[in-house]
Amino acid sequence: MLKLSNRLKLTRVRALPGAPRHASSAHSSEGERTALYDFHVQKGGKIVNFGGYALPVQYSDQSIIASHLHTRSVGSIFDVSHMLQTYVRGKDAAACLESVCTADITGTPAGSGTLTVFTNDQGGILDDLIVNKVSEKELYVVSNAAMKQQDQEIISAAVSSFKSQGKDVAVEFLAPSDQSLIAVQGPRVAAELAELLAPATALDQLYFMGSMVGTVAGVPSVRITRCGYTGEDGVEMSVDSSHVRTLTEALLANGTLKLAGLGARDSLRLEAGLCLYGSDIDAQTTPVEAALAWLVAKRRRTTRDFPGAEVVLGQLKGGVQRRRVGLQMLGAKPPPARSGVTIFSGGQQVGQVTSGCPSPSTGRNIAMGYVQDALKAPGTKVELKVRDKFYEAEITKTPFVKANYFNKPKI
């Protein structure tokens, strides 16, 4: 995804008389339309161009803060159809995708998934993605919209390389016009979804990062993955675009869940300590620098066969000069520290903020950024230079709010 603060161009649009119900293939100045575009407009969505897609930043019935808090306390529905959905199939699918990322896909149980990163030869992060192992011969992958062309090239090149060696692997990229993706996030989501799901008890054993296919509100073949970008329990549902409006309307029917936009999604993910590609991580940042070393699977550290492995493993052993940290501003009513704000210690610049906003859940101004490794310890005091003035802040652990994922009980 792209940086919200710099890339959102807010425009108010109205539904056109006689417009088709599904306008996913249409383009406008706001960007490519998802299958829910007309629905968003009819519901009061304020449409922006986000990574080339026309998506709602918020809705007329709620402020961004109210939408954020509703997600934390009840639940919300987000249209994330702009994300790249991909299937990689064949008996060599896992090995093929492992050749370009840091995950142990081979060792991941069928029906579950993992967060991972594509890396370059210098160990830099090319994108973050979720890989679900549908079966030993099928993978379902979701990656960022802003990196769609690059990710398609990475996966296609890996598939072509394996095929040239006689390996059994194929790739299918899903277009938003054909397959939509909605994220339903919040503490009431499981109960609401259970009323629509057949069988209703299926969610009881679907733990965080698990994936299944079911019928929801009479809509068949919905892929349900228990994950999200908010820190709350919830699911992402991949559904045929011809049925996504029916599914969304069914989820909204009893008035518990509400539609939410990009604005709330950004503040929710920041409170959850989750990185935004292009802001908090990029091709010049390694997993170790980004405090994401846990994404380098144990087996892959032994096999040392992912792109940039020698650089990353060298950093795991020898350390790095900078590290991603959480930041909380101190004092009475300081201004929020946005992306690009410089971080100082002892009168010297020691880092830079990559994401920041007021936190609706905590009432404090929070941020993430990179500082010199020696300053990474929680509680370390620093100063943030906002509009030529210095404000006190301290390094803090992330997430900023407790995660509420539905994890499998430990035996």
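User: How do you know that Arg322 lies over the face of Tyr370?

Analyst: Arg322 is 4.5 Å from the ring centre of Tyr370. A charge counts as sitting over a ring if NZ of Lys or CZ of Arg is within 6 Å of the ring centre and within 35 degrees of the ring normal. The model is predicted, with local features needing pLDDT of at least 70 and side-chain atom pairs pLDDT 80 or more, while totals for chains, interfaces and linings use all residues. Residues are numbered from 1 along each chain as its sequence is written, and side-chain values use heavy atoms, without hydrogens and water.

User: Where does the charged end of Arg223 sit?

Analyst: The charged end of Arg223 sits over the ring of Tyr140, 5.7 Å from the ring centre.

User: Why is the pair of Tyr87 and Tyr140 called tilted?

Analyst: The ring centres of Tyr87 and Tyr140 are 5.1 Å apart and the planes are at 40°, so the pair is tilted. Rings of Phe, Tyr and Trp (its six-membered ring) pair if their centres lie within 6.5 Å; planes under 30 degrees apart are stacked, over 60 edge-to-face, and the rest tilted. Tyr87 belongs to strand β6 (residues 84-89) and Tyr140 to strand β9 (residues 138-143), so the pair ties together parts 53 residues apart in sequence. Helices (H or I, at least four residues) and strands (E, at least two) are DSSP runs numbered from the N terminus.

User: What makes Tyr140 buried?

Analyst: The relative accessible area of Tyr140 is 2%, and buried means under 20%, exposed over 50%, partly exposed in between (1.4 Å probe, protein chains only). Tyr87, at 12%, is buried.

User: Why is the pair of Tyr207 and Phe406 called stacked?

Analyst: The planes of Tyr207 and Phe406 are 20° apart, with 5.2 Å centre to centre, and the pair is stacked. Tyr207 is in the loop between β12 (197-198) and β13 (211-216), Phe406 in the segment after β22 (389-396), 199 residues apart. Tyr207 counts as buried at 16% relative accessibility, whereas Phe406 counts as partly exposed at 30%.

User: How do you know that the buried residues of α7 line one face of the helix?

Analyst: The buried residues of helix α7 (residues 244-252) are Val244, Arg245, Leu247, Thr248, Leu251 and Leu252. Seen down the axis of α7, these fall within an arc of 160°, so they line one face. The arc is that of the directions from the helix axis to the C-beta atoms.

User: What makes β19 and β20 a pair?

Analyst: Strands β19 (residues 348-358) and β20 (residues 365-372) pair in the antiparallel sense over 7 bridges, and pairing takes at least two bridges found by DSSP. The bridge partner of Cys357 is Ile366 in β20.
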